[in-house]
Amino acid sequence: MSSEHPRIQHVSIPRPPGSGATARAFYGDFLGLEELPVPESIRHRDLIWFRIGQPPHNLELHLFAEEPLEDRSIRHFCLEVEDQARMRERLEQAGYEPWDVEPIPGRPRFFCRDPFGNIIEFTTIVGNYQEAEQ
């Protein structure tokens, strides 16, 4: 087997057309993600890109414009934060409605919707869930 394994480079999520200011306010100002320039060749697609984490990982979050769909899926992406409880408090104070989900040992977590209805999981890794389950 090759020593090179696939890894996530970016995650793409929808936002309504014309919602760029709201996306920047939530993901940039509120969550503190660094906005990245969108390549000139696809700038016409109304995209907003953010860096997740710090180099050298260069993980990205891409928001694309799409008319909202009626969707009841629980698909989501997860952000690891230093202080999961503080993040929850900040979201609540800003008017968001975080909710609890089944616990994972060593990974306190909760879910919350962004301004566009996308689900984000917030967690803090405090231990190895596999060791806790033995």
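Me: Before we start, what does "buried" mean here?
Reply: Buried means under 20% relative accessible area, and exposed means over 50%. Anything in between is partly exposed. Keep in mind that this is a predicted model.

Me: OK. Is His-62 buried or exposed, and why?
Reply: His-62 has 7% relative accessibility, so it counts as buried.

Me: Where is it in the fold?
Reply: His-62 sits in strand S4, which covers residues 59-65.

Me: Which side chain makes a polar contact with His-62?
Reply: That of Glu-60, at 2.7 Å.

Me: Let's zoom out. How many helices and strands does the protein have?
Reply: Three helices and seven strands. From the N terminus, the order is β-α-β-β-β-β-α-β-β-α.

Me: What about overall dimensions?
Reply: Along the principal axes, the C-alpha atoms fill a box of roughly 50 × 45 × 25 Å. The protein has 134 residues, and 33% of them are buried. Its accessible surface is about 9,100 Å², with 50% belonging to carbon and sulfur atoms.

Me: Back to S4. What is the strand order in its sheet?
Reply: The order is S1-S4-S3-S2, in an open sheet of four strands with mixed pairing. The edge strands are S1 (10-15) and S2 (34-36), each pairing on one side only. From one strand to the next, the twist averages 30°.

Me: In which sense do S2 and S3 pair?
Reply: Antiparallel, over three bridges. S3 spans residues 47-52. Glu-35 stands opposite Phe-50 in S3.

Me: Which helix lies across those strands?
Reply: Helix H1, residues 20-30, lies across S1, S2, S3 and S4. H1 runs at about 5° to S3.

Me: Which residues of H1 are buried?
Reply: Gly-20, Ala-23, Phe-26, Tyr-27, Gly-28 and Phe-30.

Me: What do they pack against?
Reply: The buried residues of H1 pack against S1, S3, S4, strand S5 (76-80), helix H2 (84-93) and strand S7 (119-123).

Me: What follows H1?
Reply: Gly-32 follows H1, with a positive phi near 80°.

Me: New topic: aromatics. How many pairs are there?
Reply: The count comes to seven aromatic pairs. One of them is Trp-99 with Phe-111. Their ring centres are 5.9 Å apart and their planes are at 75°, so the pair is edge-to-face.

Me: What does that pair tie together?
Reply: Trp-99 is in the loop between H2 and strand S6 (109-113), while Phe-111 is in S6, so the pair ties together parts 12 residues apart in sequence. Trp-99 is partly exposed at 31% relative accessibility. Phe-111 is buried at 8%.

Me: And Phe-110 with Phe-122: what kind of pair, and why?
Reply: The ring centres are 5.3 Å apart and the planes are at 20°, so Phe-110 and Phe-122 are stacked. This pair links distant parts of the chain, with Phe-110 in S6 and Phe-122 in S7, 12 residues apart.

Me: Are those two buried or exposed?
Reply: Phe-110 is buried, with a relative accessible area of 0%. Phe-122 counts as buried at 1%.

Me: Last one. Which residues do ring pairs link into a cluster?
Reply: Phe-26, Tyr-27, Phe-30, Phe-50 and Tyr-96. Among them, Phe-26, Tyr-27 and Phe-30 are buried residues of H1.

Conventions: Residues are numbered from 1 along each chain as its sequence is written. This is a predicted model: local features need pLDDT of at least 70, side-chain atom pairs count only at pLDDT 80 or more; totals for chains, interfaces and linings use all residues. Side-chain values use heavy atoms; hydrogens and water are left out. Helices (H or I, at least four residues) and strands (E, at least two) are DSSP runs, numbered from the N terminus. Buried means under 20% relative accessible area, exposed over 50%, partly exposed in between (1.4 Å probe, protein chains only). A polar contact is a pair of N or O atoms within 3.5 Å; within protein, one must be able to donate a hydrogen and the other to accept it, and residues adjacent in sequence count only if both atoms are side-chain atoms. Two strands pair if DSSP finds at least two bridges between them. Axes are lines fitted to C-alpha atoms, for helices over the stretch in contact, and angles run from 0 to 180 degrees between N-to-C directions. Contact means heavy atoms within 4.5 Å. Accessible areas come from the Shrake-Rupley method with a 1.4 Å probe; for residues, only the protein chains shown count as cover. Rings of Phe, Tyr and Trp (its six-membered ring) pair if their centres lie within 6.5 Å; planes under 30 degrees apart count as stacked, over 60 as edge-to-face and the rest as tilted.
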